[in-house]
Each structure stands twice: as C-alpha cells, then as structure tokens.
Amino acid sequence: MPKIRELDPDAGTGLCGSNAVIPSLRYAMKENRQMLVQNLPLLRTATEEVVQLLDCSKYPCNEDDPWGHPSPALYLGEKIFLSTNGFRTSIPPLTIPNELEPSSALVSAAAFVKRTKLAMVINGRVYSYYFKAGEEEWILAQGIDSLVTELSNTHCCYPGQDLACKDISMKIFAYEIGHSPSKSHIFLSENGGYSFTPVKLSPELPGVLLGVYNFVSLSQTGVLIRHSDGERKGGEAYFIYTNGNLSQTSSHISMGFHLKSTRGHDIHRIQHPHLWGFTILWNNDTLLVSSNNGLLVEPVTVLEFSRNSHPFPGNGLCHVAISKTEIAALTRDHQLFYGSLDMVSTSMVQNGKSNTSQKGICNAVLMFNKVGMLTLLSLVPSNGTQAYTFWKCIFKVQSMLTELWPYLQKCPVEILRGQFHNKIYYIDMHQKLNLNVTFVPKPGTGAFPIVTVSNPHVLGFQAKITEDGYTYDGHTKYSLYMQLLQQYFSGMADPHFSGSFLSGGMATLTVDVLNKGVCCIDIHPLSALVNIGCPPTKYIKFFKNTTACSKGLFKQGMLQNSFTYTIDHDIYDPHFLATPQLDQSDLKVPYDYYKLECPLLQYYDTPWLPVLELWENNAFVEYVSADFVMFEVNGMYNYDYLLTAAEANCVSQPQNWMAMMQKQDSPNPHTAWNRMNYVSCKNHDGPKLVSPSAKYQILGQNKNKIIFSHYNGFYVFKAIVVDPLYSYCELSAIVSVCVTGALPKSNIHAWTTLTAFLIIILLAVFMGYILHKLSQKKKISQR
C-alpha cells in the first residue's frame, strides 16, 4: 500500500507585525464551552487540558471559474491561514487589527460565505472578513447581544444566477452549544452575516444543543440534540426539524443514533454543497453519515480484505473531507481511508498507513482538489520568518485503488447520463416536469439506477425504464423516464403526508446506481435542485386592445416629456380607506411612461372587464383564469363594481378592501390582500352572508366589472392575483386607464329646462293663434 510520509507535529509561534495573531480554538474541551468563551485568555495557557484538532475548510463552489483557479481555503490549527492559491506559496498567519480585538483573538468557528468573504467567531463575537486582490476589511456583525461559539451555513453551488440559490448561501446561524436547546442563544442572518436576529426554539426541548443546520433540500432547519441522560430509545442523539426561523417545531424527528464523544460537545459537520441531503458528522471518536438530511444517520463502515463491512476504526479521527461524490478520513494513527458517498450506505477502504512512531498526533488535514485527487496538507514549522510553508502530498485515488489486494469490485456501470444534471428547475402550481436518463450497465452485473428525492413531502415522481437500443459495443442501452410533480396534487400520498401546498418547498432529485462501489470515480450521481415555487421569469400584464395613443388622444412624446395630471381633492384618499378628505388639496401626479406606457382607453359609461395575461420567459402562456383584486394606486375611489355578493352567487360574506385594510396596523393595499389570506365567498366554511347587497370586489372568474363615474381622467390600477391555487408567484401588474366620454355637467335642472321649453312652445302657439286672428280681422276690415 502507499505510505504516508511522517509529518512534524511542531508548529511555530509568534506575532505578525503590529497585529494580534489569531490562534484557533478548534479544541475538544473537558470544560463547559461557555466557560471557555468567558475565560479565553486564561484557558489559552491551560494547554494540558486541551487536545488540538486541526481543520481545513475550502470554498466549495468553484465550478464556475473559467480558469480553474483553486478555491480559497482556510487552515485552522494553532494559527489561522487563508490561502487563495491552494497553499502553493508561503503565507503569514491571518491577523485582525488591534483596534477590533486588543488582546488575544481566539477563533472558535469560521465559515466561507462567498468566494471572497469569511464569517468568523472571534472571542465570542461574529465578524465578516472580506479579502480580494490584496484588500481586506473586517466588519462586526450587528444584532448579536450574547457570546456565541459556532457558525453554520449551507452553500448552494448550482451554476447560474438563481436568486433562491444565492439566498441559501446568505443564510447563517450563530449559536452556542452545550446548553438546553430552549436556553441556548441562537441568531439567524439572511444577508451573509451583516446582521442577525435572535430566534427561539419552540416548544422547549430536553437535552443538550449540539448544532443548528439549514437542510435546504428538506425545506426544514435541523436541530441536533444529545439527550443529557442518554436514555433516548434508539440512540443518544437525534435531529428535530423546525421551520426556517425555528418558531414552529414540526412532527418530524429523526431516528436516534449514537454519537460518541470523550471530549465534550464539539461536533464537526459537513453538508453537501449540491444539496443532495448528505450530512457528515464527526469528532475524535465517531464518523457518521446521513444521505437524507439527518433523518437516518448511520456509522461509516470499512471494507476489509474479506470484503465484509466493519465499524470504522475507533482509534480517533484527525480530519474528514468530502468532494461531490467522495469521502476521505485521516486517523490519529495516520491511516488514510477513502470511500464514495452512497445513497444507501457509505463504506470506505484503507488506502495508506504510515510507519511513524508519533502515534496519536494530528498534524495534517485533507482536501479534495477535484474528484479523484486528494491532498494531504501539513504546516511546516517556521524558520523564524513571518511566512509559513505547507507540505503537500497529492494522491491520485484511482491509482491507489488499483494497488489494493484483493482487487475491489469493478465499476458495474458504463454510462449514466442526463441533461438535467447540476441544474435548477421550478415547478409551479399544477405543473409537471419530465426528465430522462441514459443508462448502460456492464453485462452480467445486474446494476440498475435508483431515483430518490430528498423531500418527498413536497415532490413526488413517477418513473419507468425501457430498453432503448444498443451501444457500439453491443451493450444494451436503457432510458429512464421520470415525471416530477408537486406531491400535494400527485394523488400518490396521503394528504397528511404532503407539505403545505401554499408554501411549496425545495427538493433534490438524485439518480444513482445502487451499491456501485468505491471504484466508480468517473460515474457521478445525477442531480437537480427542484424548487416547488414561483419561477423567477413568470409575470402577468394587462391585455390592451385599445390605447389612448392608438386613437390619437395622446402622443407618446407628450407622455414621456414630464407629463402630469391632476386628481381632484374630493375623489382620492391617501390612506386608501375611500374616505373623503375635505381639508386636502388637489393631487398632481407625474406620469411614469416607462412603467405605464400608453394608457388603456375606456369610455366612462361602458363597464370595464380587465383581462390579464400570463407570461413566462418573455413568452405568452395564457390568459389568467384566476381571482384577482384591484386598487387605484393614488387612492382614487370614484369607481364601483358591477356585481353584488348575491349576484356573484356567494354562499359566505365576501372579503373587501375596507375589511382587509383595517386588519393592518399600518394599512398598505400592496400587502393587505394576497394569495395567503384570500378566502373565496364560495367557501361554505366562511363567515355567514349577512349583506348580500354588498358590492363584490373580486374580479376574474366571474362576470364582475369595474364601473366608472361621470369622470374624465387617468386612473392607475394595480391588479393582484389572490387565487391560492393558481401559482406560487405573487403575481401583480399595473396599468393606466384613460377614461373619457363624460360630457361636462350642466348647472340647469332638467325639469326647469323642460318647463321653460314647454312654456316657450305654448307662447309660440298662442302668438301664432293671435297673429292668425289679427290677420283675419284685417282682411275683413279691408273689404
């Protein structure tokens, strides 16, 4: 077997310039962790009470780098080192300015947030550290009012500019461990560590808090708890799952598992950056793996020469690292183990062993440069300079595996290929997603693909496999067809099993080969992140059949050139409560042409039926067939609705703008009425119909229309789709309407006009009669 070179355990000490060197507190302590934070300067001298644990973390999302530059990496030993070139050159220890931490700066946790940003817990406080092109900046996080010791975040390494994926990487938990979950201080940041808000676990949970993790592909936050009495059935530790801000604990609890630890509560955690659901938990005494976000946690086993699986050697772990598909471990007696992450069980093989006499000393860490390339990294003692050098030993795993005897099982797969791999897909309400995989097993192996989803509560699937011809070698080729859809509408699961259809969720689809062994280094699992939610390119807009510009009432240049219009003081309410404001003045409104374009033309005496269009990826999809509501954005209320509650066939009292606005402390029509609080009046469980003559203010799936008053002018309406079953998107659109055709009102009463007109006619008739009589008398007198 390949041998591992003996490594020198000694490390240099000293100061770097005028800054305080940052030593690491990556230690397993016999004392309580809270006491460690409160007495940092004292406990740093009590070295006989600690056993040092090295660690090394690397920014995991490096596939988008077109030049193949190494990912930034952080080495945590007695000192902290940050390398941006794969530790190829000598580097000084990382330092922090004295004005931020004037005494010793002790690090208890560190995590990459972005390629050029670190979050670190220093002396119990959280800092953000920016580094790029020789520039650096330290920023103290806001909102944390108590000391913390740990950080936890999850990376979303899918390529592209998906906003949901970016939001995942910006979510960070800061907390302390070693106390009961309900009494532990936990803080959440959703902006990459700039600011935090306190969160509280509810209800109170027994045991000791060991960790808080964002299980994205389960749409849950996992809380790792160790039972203080060790009497929990099935194991002494378990995960309990909550919503994102920990305010509501779900009924999901993992199977219990044994988490041995002879040195306190320090637990290392590694989450897969492609959100497959793999979670690695390890400390000096234990190496555990879960392929389903902690729901089932099992120990990693070792394949011996007999090819039987045995528990992982219990002589102590120094370091564990993973790649996309691999896992490697280094023990305290300098044994190197390698394995592949498997959806069913994870086994490892021993790849190397050192002849060193320095047993029990951890002086090296592991890093995967890329799949199949493993680096053993160790700090070389300083020769008195401020820069330190790192010794590197690179292993080509494939070559190491071929040297093992007896030989390992060969990879049973020739081809496993799918176009969906490493992509993000969206499934909106009632939509389906069709994917396929090409699969070629080696003859006689009986290998077949297995399809899994990380969150079956929100994502269901149907799959079938068929023969699809032959390869050039004559081997049978298969096609695996999969159809994915929201579990709630699949009809394949109990309604209580399905997640809430209103909120959606995330899940990872993975296609792998069952028990393919550690030699399938080049046959990667196929995965895709499926977001049961709103596609970012979906939107609505108003259908405009006739505009004021097309009819010549306005020209585009006129509307673009600082055009304004006036709203009379007695027809708008700035509070949107349709209440006359007698003491206000007329409102001058600038017309935003680039947002509104040409206004829709509507005659005042013709009821208006708004029509909405659904678009996705800038392509028309359909006309919206869902309930929606509208309001005038400037508070105008001189319009009404055609139908009443009775005419709309309501069986319960319909919602209206006044009632929805009054439910808010600060009324805001943009948020008062939406798909999350909408209740259809066709719902028999709604409030009793007490006012059937009330105006029905919902448009869309009925004959309801907008009725304008005797008014000429502009309206700017915003439409909001409130139907909860139409889409996960908060669909809204804005339109301007030019109402015309209303003649000026006369101040003369109609009856007065009619009476005067009749009198004039009577006078005319009477005058005609008189003139006729006078004419006859004149003729008689002339005879």
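A residue is called buried when its relative accessible area is under 20%, exposed when that value is over 50%, and partly exposed in between. With that in hand, welcome to this structure, which is a predicted model.

Let us begin with Ser378, a residue of strand β31, which covers residues 373-379. Is Ser378 buried or exposed? Its relative accessibility is 3%, so Ser378 counts as buried. The side chain of Ser378 has a polar atom 2.8 Å from the backbone oxygen of Asn363.

Next comes Gln350, which sits in strand β29, residues 347-353. Here the relative accessibility is 21%, and therefore Gln350 counts as partly exposed. The side chains of Gln350 and Gln335 make a polar contact at 3.1 Å. Gln350 also lies 5.9 Å from Leu336, C-alpha to C-alpha, although 14 residues separate the two in sequence.

Here are the two residues side by side:

| Residue | Relative accessibility | Class |
|---|---|---|
| Ser378 | 3% | buried |
| Gln350 | 21% | partly exposed |

**Spaces inside**

How many cavities of 30 Å³ or more does a search of the whole structure find? The search finds four. The largest cavity has a volume of about 50 Å³. Among the residues that line the largest cavity are Thr154, Asn214, Phe215, Val216 and Ser217. Its lining also includes Gln271, His272, Leu275, Gly277, Phe278 and Asn293. What kinds of residues make up this lining? The lining of the largest cavity has four nonpolar residues, seven polar ones and no charged ones.

Key
Residues are numbered from 1 along each chain as its sequence is written. This is a predicted model: local features need pLDDT of at least 70, side-chain atom pairs count only at pLDDT 80 or more; totals for chains, interfaces and linings use all residues. Side-chain values use heavy atoms; hydrogens and water are left out. On a 1 Å grid over the protein atoms alone, a cavity is a set of points where a 1.4 Å probe fits but cannot get out, and a pocket is an open set with protein on both sides within 12 Å along at least five of seven lines; lining residues have an atom within 4 Å of a point. Grid points are joined across faces, edges and corners, and a volume is the space filled by probe spheres set on the points. Ala, Val, Leu, Ile, Met, Phe, Trp, Tyr, Cys and Pro count as nonpolar, Asp, Glu, Lys and Arg as charged, and the others, Gly among them, as polar. Helices (H or I, at least four residues) and strands (E, at least two) are DSSP runs, numbered from the N terminus. Buried means under 20% relative accessible area, exposed over 50%, partly exposed in between (1.4 Å probe, protein chains only). A polar contact is a pair of N or O atoms within 3.5 Å; within protein, one must be able to donate a hydrogen and the other to accept it, and residues adjacent in sequence count only if both atoms are side-chain atoms.
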